[in-house]
Amino acid sequence: MNANFIGTFAPVLFTIEIALYALLVVLGVTGLVLFIWRWKTLSVAAGDAAKWKKLLSENLSSGSSLDHIQVTVEEERTLPGRVVKLGKESQGLSPEALEKVYEVQESAEKRHLESGVSFLGTVGANAPFLGLTGTVLGILIAFNKFAEAGGKGSTEVMVAIARALVATALGLIIAIPAVVAFNVLKNRIRTILDGSREVRGLVVARSLNAAAKEK
């Protein structure tokens, strides 16, 4: 009865198996495109934090304003540049208020930087299970062909088993790079945010020093 059941639904199982192959390929290609897109976006956002730290560290003890520091349109595309620009626009705020404004900016920037990255983590976590599902379905189809052949091995049976095992391999081939890409992007984002926090700290330090000199 079980054999008849599997035989009846063998075409459906085969269709699902092929659909899983197609899904895995789509996920792999999408993950690759997403990684390239996000890497380029992060490379632009990274900017040159070292340059801003050097510039903001000059004459820090004087508590001078940021009016002499210019942020170009190109630099506004970078996170450190936007941090400095926000500092220039918020010079009238108290250091405490400036810190709160920066917290809001960082939250929004982090959300933007991490956009789409979680997809890679999801692919890395679930692609092996999709591959395993394809393997299970392929083995069921192979057993059905084996039964139809009267318990004798045949080329069709061997092909079905091989195809089933390829599903697991494909799942792993897609999952491993996805996990690596996810970790690489997360580390890149953390580095960018750390650099922007250092720039932000110097802007706030200037604000604190200027406020102290006014007392």
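Colleague: At what angle do the axes of H3 and H4 cross, and within what distance do they come?

Modeller: Two packed helices are described by the angle between their axes and the distance between the axes. Here the axes of H3 and H4 cross at roughly 155° and come within 11 Å. Axes are lines fitted to C-alpha atoms, for helices over the stretch in contact, with angles from 0 to 180 degrees between N-to-C directions. Helices are DSSP runs (H or I, at least four residues), numbered from the N terminus. H3 is therefore roughly antiparallel to H4, a term for angles over 145 degrees.

Before we continue, please note that this is a predicted model, in which local features need pLDDT of at least 70 and side-chain atom pairs count only at pLDDT 80 or more, while totals for chains, interfaces and linings use all residues. Residues are numbered from 1 along each chain as its sequence is written, and side-chain values use heavy atoms, with hydrogens and water left out.

Colleague: What is the average pLDDT of the protein chain?

Modeller: The pLDDT is the predictor's confidence in each residue, from 0 to 100. The protein chain averages 87, and 90% of the residues score at least 70. Helix H4 (residues 95–113) has the highest mean, at 93.

Colleague: Which residues of H3 and H4 meet?

Modeller: Contact means heavy atoms within 4.5 Å. Leu 79, Arg 82, Val 83, Leu 86 and Gly 87 in H3 meet residues of H4, including Val 101, Tyr 102 and Leu 113. By class, this contact of H3 with H4 has six nonpolar, two polar and two charged residues.

Colleague: How do helices H2 and H3 pack?

Modeller: Helix H2 (residues 49–57) packs against helix H3 (residues 79–89) at an angle of about 30°, and their axes are 8 Å apart. H2 and H3 are therefore roughly parallel, the term for angles under 35 degrees. On the H2 side, Ala 49, Trp 52 and Leu 56 meet Pro 80, Gly 81 and Val 84 in H3.

Colleague: Is Glu 106 buried or exposed?

Modeller: Buried means under 20% relative accessible area, exposed over 50%, and partly exposed in between (1.4 Å probe, protein chains only). Glu 106, which lies in helix H4, is buried, at 19%. Beyond its neighbours within four places in sequence, Glu 106 is in contact with Leu 193, Arg 197 and Arg 200. Asn 59, in the loop between H2 and H3, is exposed, at 58%.

Technical notes:
Helices (H or I, at least four residues) and strands (E, at least two) are DSSP runs, numbered from the N terminus. Angles under 35 degrees count as roughly parallel, over 145 as roughly antiparallel, 65 to 115 as roughly perpendicular and the rest as oblique. Ala, Val, Leu, Ile, Met, Phe, Trp, Tyr, Cys and Pro count as nonpolar, Asp, Glu, Lys and Arg as charged, and the others, Gly among them, as polar.
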